[in-house]
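I opened my notebook and went through this one piece by piece. Here is what I looked up, in the order I looked.

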Amino acid sequence: MDTLSYKTTTPNAQSVDREWVVIDATDQVLGRLCAKVAKILRGKNKPSYSPNVECGDNVIIINADKVVLTGKKMTDREYLSYTGYPGGQRSATPEILMKKSFNKHLKPGYHPLYIKVMKGMLPKNRLGRRLIENMHVYNGPTHPHDAQNPKVIDINTIK
């Protein structure tokens with residue numbers, strides 16, 4: 001066996017095998033669900049993971065309105081944002097962000113609460129901004145991505 005014949009292959013954007021997966025968020029805890037989704041978006045569940053390459057899967061989350069938060073976090077937790085103007089600090093609770101997700105004027109697949117939570121779990125750079133676009137969140141049980149033939153996975157089986 002010639003040990004010099006082994007080559008270490010590093011994945012690049014062309015060699016990555018990307019899939020579409022559907023996750024049902026019914027009765028899941030929001031933070032634990034998003035931590036597992038962040039792993040799938042990054043591609044950390046694949047053997048060909050590389051930290052500088054977008055090698056994760058596209059994730060579709062259905063029944064996003066049926067997610068739970070433990071304790072009184074739905075009303076007591078505050079997410080702060082700043083507009084950039086004097087006096088422009090805004091605060092929103094998960095309850096308010098959940099109500100905003102039912103707004104008809106939002107882009108389909110965009111859910112303010114999930115975006116806020118997931119941005120904290122992804123890298124704060126260009127790669128993280130590209131990865132967040134691979135997550136599509138819908139309040140109901142249907143989604144418009146049937147043409148991609150997504151496979152349904154049970155989030156409870158992922159570590």
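**Entry 1: helix 4**

I started with Lys119, which sits in helix 4. Before going on, I noted that this is a predicted model, where local features need pLDDT of at least 70 and side-chain atom pairs count only at pLDDT 80 or more, while totals for chains, interfaces and linings use all residues. I also noted that residues are numbered from 1 along each chain as its sequence is written, and that side-chain values use heavy atoms, with hydrogens and water left out.

Helices here are DSSP runs of H or I with at least four residues, strands are runs of E with at least two, and both are numbered from the N terminus. Buried means under 20% relative accessible area, exposed means over 50%, and partly exposed is in between (1.4 Å probe, protein chains only).

How many of the eight residues of helix 4 are buried? I got six, so helix 4 (residues 112-119) is largely enclosed by the rest of the structure. The buried ones are Pro112, Leu113, Tyr114, Ile115, Val117 and Met118.

**Entry 2: the positive patch**

Together with Lys116, Arg126 and Arg129, Lys119 forms a positive surface patch. A patch is made of residues with over 30% relative accessible area and no salt bridge, and like charges are joined within 9 Å. Helix 4 and helix 5 each supply at least two residues of this patch.

For charges, I counted Lys and Arg as positive and Asp and Glu as negative, leaving out His and the chain ends. The place of a charge is NZ of Lys, CZ of Arg, CG of Asp or CD of Glu. The chain has 25 positive and 14 negative charges, and their mean positions are 7 Å apart.

**Entry 3: salt bridges**

How many salt bridges does a search of the whole structure find? I found four. The rule I used is a side-chain nitrogen of Lys or Arg within 4 Å of a carboxyl oxygen of Asp or Glu.

I looked at Glu19 and Lys151, whose closest N and O atoms are 3.3 Å apart. Glu19 is partly exposed at 31% relative accessibility, and Lys151 is partly exposed at 42%.

Then I checked Lys46 and Asp57, which meet at 2.7 Å, N to O. Both are in the loop between helix 1 (30-42) and strand 2 (58-62), eleven residues apart. Are they buried or exposed? Lys46 is buried with a relative accessible area of 17%, and Asp57 is buried at 4%.

I also looked at Glu54 and Arg130, which form a salt bridge at 3.0 Å, N to O. Glu54 is in the loop between helix 1 and strand 2 and Arg130 is in helix 5 (residues 126-131), so the pair ties together parts 76 residues apart in sequence. Glu54 counts as buried at 17%, whereas Arg130 is partly exposed at 41%. Shared partners join Arg18, Glu54 and Arg130 into one network of salt bridges.

Asn63 has a phi of about 55° and sits in the loop between strand 2 and helix 2 (73-76). Asn149 has a phi near 50° and sits in the loop between strand 5 and strand 6. Asn63 is buried at 7% relative accessibility, whereas Asn149 is exposed with 65%.

**Entry 4: the whole chain**

Last, I stepped back. I counted five helices and six strands, in the pattern β-α-β-α-β-β-α-α-α-β-β along the sequence. The C-alpha atoms fill a box of roughly 65 × 40 × 30 Å, taken along the principal axes. Buried residues make up 40% of the 159 residues. Of the contacts with a separation of 6 or more, 68% are between residues 24 or more positions apart.

How values were computed: Contact = heavy atoms within 4.5 Å. Patch = residues over 30% accessible without salt bridge, like charges linked within 9 Å, V, L, I, M, F, W, Y side chains within 5 Å. Areas by Shrake-Rupley, 256 points an atom, 1.4 Å probe, with all protein chains shown as cover.
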